[in-house]
Amino acid sequence: MVDSSGLHPELERTADDIAEMEIRGAATIADAAAAALGAQAADSDAETPEAFRREMRDAARRLHETRPTAVSLPNALRYVLTGMEGETVAELRKSVEEQAARFRADLDAAQDRLGRIGAGRLNDGDVVMTHCHSTDALACIEAAVEDGTDLEAIVKETRPRNQGHITAERLSELGVPVTLIVDNAAHRFMNDVDHLLVGADSIAADGSVVNKIGTAGLAVSARDRGVPVMVAAQSIKLHPRTLTGAAVEIEQRDAMEVIDDETREEVGDIDVANPAFDVTPPRHVDAIVTEHGQFPPESVVVLMRELFGESVEEPWSE
Ligand code: RUB
C-alpha cells in the first residue's frame, strides 16, 4: 500500500533512515535504496504505465535527496530505473523488481570479488589502520582472514559519529586483534602500520577519493611515513558526472553531531562546521581496489569510461 504522497511507507522509512544515518555507508545505502524501489514497485497502486513511471521517478527523487556525497546512491537509482521496461503496469513492475534484485545480488558479488583482490595486498603479520566503517574495506580483511592471514588492526574511532566502533566490533568478530585509538593519535601510530585501508563514497575521474572526513589528512600522514594507502571501492563508487567536470558535493551535517546545544552555549558565541567527507588527491593514494582489479588512481578513469560512457542520465529528474 502506498500513502497519499504516492510513496510506499518502506521507501519513506528507508529515505528517513539514510538521512538520519540509521542506514549508512555507501554500499549499504545503495543496497537499501534499490530494495526500497523494489518495494515501491511491488505495492504500487498505479493504474497506468505513465502513473507507474511517474511514481518510480518520485520515489527515486525522494531517495536521491537524502544524502549528497555517496554516488552509489544515484548509481543505484539509475541502474534500477534504466531497467524499467514494458508496455503494461504489470510488465513495468516486474522489470523494476527484477532489476532491483539483480542490482543487490551484483553488489554482494562485487564486494566478495573486491575483497579477494584486496586480500592479495595483505600479508601475514601486517598491521592495518582503518578509518570510519567501510564494508568494502572490511571485505578485504575478511577475505585475508579466510585465507589464514594473521592481521592486526588499529582502528580510529572517527569522530563525530564513531563509526570506528562498528569496525572494531566487526574485526573482533573476525578474530582480528583490535586497538582502538582516538583520531588525534593516528600519526603517532603510523610507524606501527603496514597499510592504511579505507573505503570511498565517491571516486572522481582524476582518481581523487571522497571519503569520511579525516581521510585526506590521514593519507598525508601515511605518505609521510611511507605507509601505502589502499582504497577499497566497488565500481558503483565511481562518480560518472565528474567525467564532465562536475564536482562531488560534500555533505555538511548538523552542528549537534559535534557539540550539544548546552555545551555550545557554555562555550560562547561560536560557529560550528561539520563537513562529513573530504577529498584525498590521487597523489596520496597507492591503489584503488575494485571488483574489476586494482588500479593506480590516475587510471581509474579508464574503468569509469568503460562502465558509464560519457553521458549520465538522471531519470528521476525527467
Ligand atoms: C561512511 C564512509 C565509508 C564509505 C564506504 O560514511 O565514509 O568509508 O561510505 O563504505 P557515513 P562502504 O558513515 O557518513 O555514511 O565500503 O560500506 O560502502
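**Exercise 1.** Determine which residue forms a salt bridge with R241, and how far apart the closest N and O atoms are.

*Solution.* A salt bridge requires a side-chain nitrogen of Lys or Arg within 4 Å of a carboxyl oxygen of Asp or Glu. R241 is paired with E314, and their closest N and O atoms are 4.0 Å apart. Between domain 1 and domain 2 the count is 2 salt bridges.

The model is predicted: local features need pLDDT of at least 70, side-chain atom pairs count only at pLDDT 80 or more, and totals for chains, interfaces and linings use all residues. Residues are numbered from 1 along each chain as its sequence is written, and side-chain values use heavy atoms, with hydrogens and water left out.

**Exercise 2.** State which residues make up each domain of the protein chain.

*Solution.* Bounds are taken from an automatic or database domain assignment. Domain 1 comprises 9–113 + 311–317, and domain 2 comprises 121–308. Over C-alpha atoms, the centres of the two domains are 26 Å apart.

**Exercise 3.** Describe what area domain 1 and domain 2 bury between them, and which residues of domain 1 lose the most.

*Solution.* Buried area is the accessible area (1.4 Å probe) that two parts lose on being put together, summed over both. Here it is about 2100 Å², with 54% on carbon and sulfur atoms. On the side of domain 1, R24, T69 and Q111 lose the most area, together 28% of what that side buries.
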